[in-house]
Amino acid sequence: MYVIAGATGRVGSVTARSLLAEGANVRVLVRRPSDAENWKEQGAEVRVVRLDDRAVLTAALHGCAGFFVLLPFDLTAAHPDDHAERLTTSIAGAVADANVPHVVMLSSAGADLAEGTGPITGLYALEQALQATGTVLTALRSGHFQEKVSDVIEVARESGVFPVFAASADAPLPMVATADLGAVAARALQSPPDVSENVDVVGPSYSERAVATLLGEALGRELQVATIPEEAWVGAFVQAGFRPRIAESLAELYRADEQGLLAPRGDRTVRAHTPLETTIGRVLAAR
Ligand SMILES: NC(=O)c1ccc[n+]([C@@H]2O[C@H](COP(=O)([O-])OP(=O)(O)OC[C@H]3O[C@@H](n4cnc5c(N)ncnc54)[C@H](OP(=O)(O)O)[C@@H]3O)[C@@H](O)[C@H]2O)c1
């Protein structure tokens, strides 16, 4: 039995569906009872669980062969660090209490660093906490999700501007499709390693200018790339509606990227191949 958190999300849903397609026993975790029916129809067992409820999560993990988990970011939290810490304590506690033999964690490039990476420091803490439980941990570390393009679709469609939070729009960066990550997670659950490992999942590389070109083609309008200087990042995030603490954290994340702190440094690399055009098509079709 494999237990999948975040089953209503992008990576977790593909992980669960990939396992079900191979005939594996799957128990998905959802937060709302209304999300259960669809999964039951697909052949999954369902538990209604919040990741910060250690006792209920422990019960849902009992007897499983592997657990896929993520640390959901809450960009509306007043205290994002407290939110991440509460989830981490509960998740690692439940993994220890239920004696889970193998955990596949959706981590990130840069999660080997304790500080200076904004929200990724929460992933560092979760990796450490899970390691300390004695489980075998497969940490899947990816760079940018290709789906991050959805954050700028509205502004691009309406204004024709494609904002870039970097000094240059021409630096190529690897970007992975969440569908590829879900497939990698499903494979990892089915073939657990003997010892813990950090796996870089590296997608094809694109510059932000190339992303703007591809998005513009899909939207049917030419987009103007506008690089936003570092000193204006926090203000721009606040203007976009983020609380000051979150804005600072996001700015730190973008600075870390500029400094190369999010480069792959894991034990091995898995290449992912879905091209950005495909992901942009999927994102636009789902709107
Ligand atoms: N964006 C990037 O470029 C990037 C890069 C590297 C790593 N990551 C990691 O990827 C994660 C996001 O993965 P994703 O895109 O697959 O997620 P997603 O689509 O944003 O979905 C989040 C999932 O987590 C569930 N969830 C949220 N809070 C929960 C809670 N307290 N208890 C139980 N379930 C909860 C949500 O359930 P509901 O449907 O009930 O809300 C949903 O299923 C980030 O948190 C980050 O750690 C992101």
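This talk covers the salt bridges of this structure and then the surroundings of its ligand. Please keep in mind that the model is predicted.

I start with the salt bridges. The count comes to 13. I will go through some of them.

Take Glu 208 and Lys 148. Their side chains meet in a salt bridge, with 3.1 Å from N to O. Where do Glu 208 and Lys 148 lie? Glu 208 is in helix α8, residues 208-219, while Lys 148 is in the loop between β7 (144-145) and α6 (153-159), so this pair ties together parts that are 60 residues apart in sequence. Is Glu 208 buried or exposed? Glu 208 is buried, because its relative accessible area is 12% and buried means under 20%. Lys 148, at 24% relative accessibility, counts as partly exposed.

Helix α8 also holds the next residue on my list, Arg 209. The side chain of Arg 209 meets that of Asp 170 in a salt bridge, at 2.7 Å from N to O. This pair links distant parts of the chain: Asp 170 sits in the loop between β8 (161-164) and β9 (173-176), and the two residues are 39 apart. Arg 209 is partly exposed at 36% relative accessibility, and Asp 170 is partly exposed at 46%.

There is also a network. Salt bridges link Arg 27, Glu 45 and Arg 47. Within it, Glu 45 pairs with Arg 47, and their closest N and O atoms are 3.9 Å apart. Glu 45 counts as partly exposed, with 33% relative accessibility, and Arg 47 is partly exposed too, with a relative accessible area of 30%.

Now to the ligand. Which residues come nearest to the ligand? Of the 24 residues around it, they are Thr 8, Val 11, Arg 31, Leu 51 and Leu 71. By type, the shell divides into 12 nonpolar, eight polar and four charged residues.

For Val 11, a backbone N or O atom lies 2.8 Å from a ligand oxygen. In Arg 32, an N or O atom of the side chain is 3.1 Å from an oxygen atom of the ligand. For Phe 73, a backbone N or O atom is 3.2 Å from a ligand oxygen. On its own, the ligand has 960 Å² of accessible area, and the protein covers 81% of that.

Which elements give two or more residues to the shell around the ligand? They are α1 (10-21), β5 (102-108) and β7. Strand β5 gives the most, with three residues.

Key
Residues numbered from 1 in each chain as written. Predicted model: local features only at pLDDT ≥ 70, side-chain atom pairs only at ≥ 80, totals over all residues. Heavy atoms only, no water. Salt bridge = Lys/Arg side-chain N within 4 Å of Asp/Glu carboxyl O. Buried < 20%, exposed > 50% of the residue type's maximum accessible area, 1.4 Å probe, protein only. Helix = DSSP H or I, 4+ residues; strand = E, 2+ residues; numbered from the N terminus. Near = heavy atom within 4 Å. Polar contact = N/O pair within 3.5 Å; in protein donor to acceptor, adjacent residues only side chain to side chain. Areas by Shrake-Rupley, 256 points an atom, 1.4 Å probe, with all protein chains shown as cover. Nonpolar A, V, L, I, M, F, W, Y, C, P; charged D, E, K, R; others polar.
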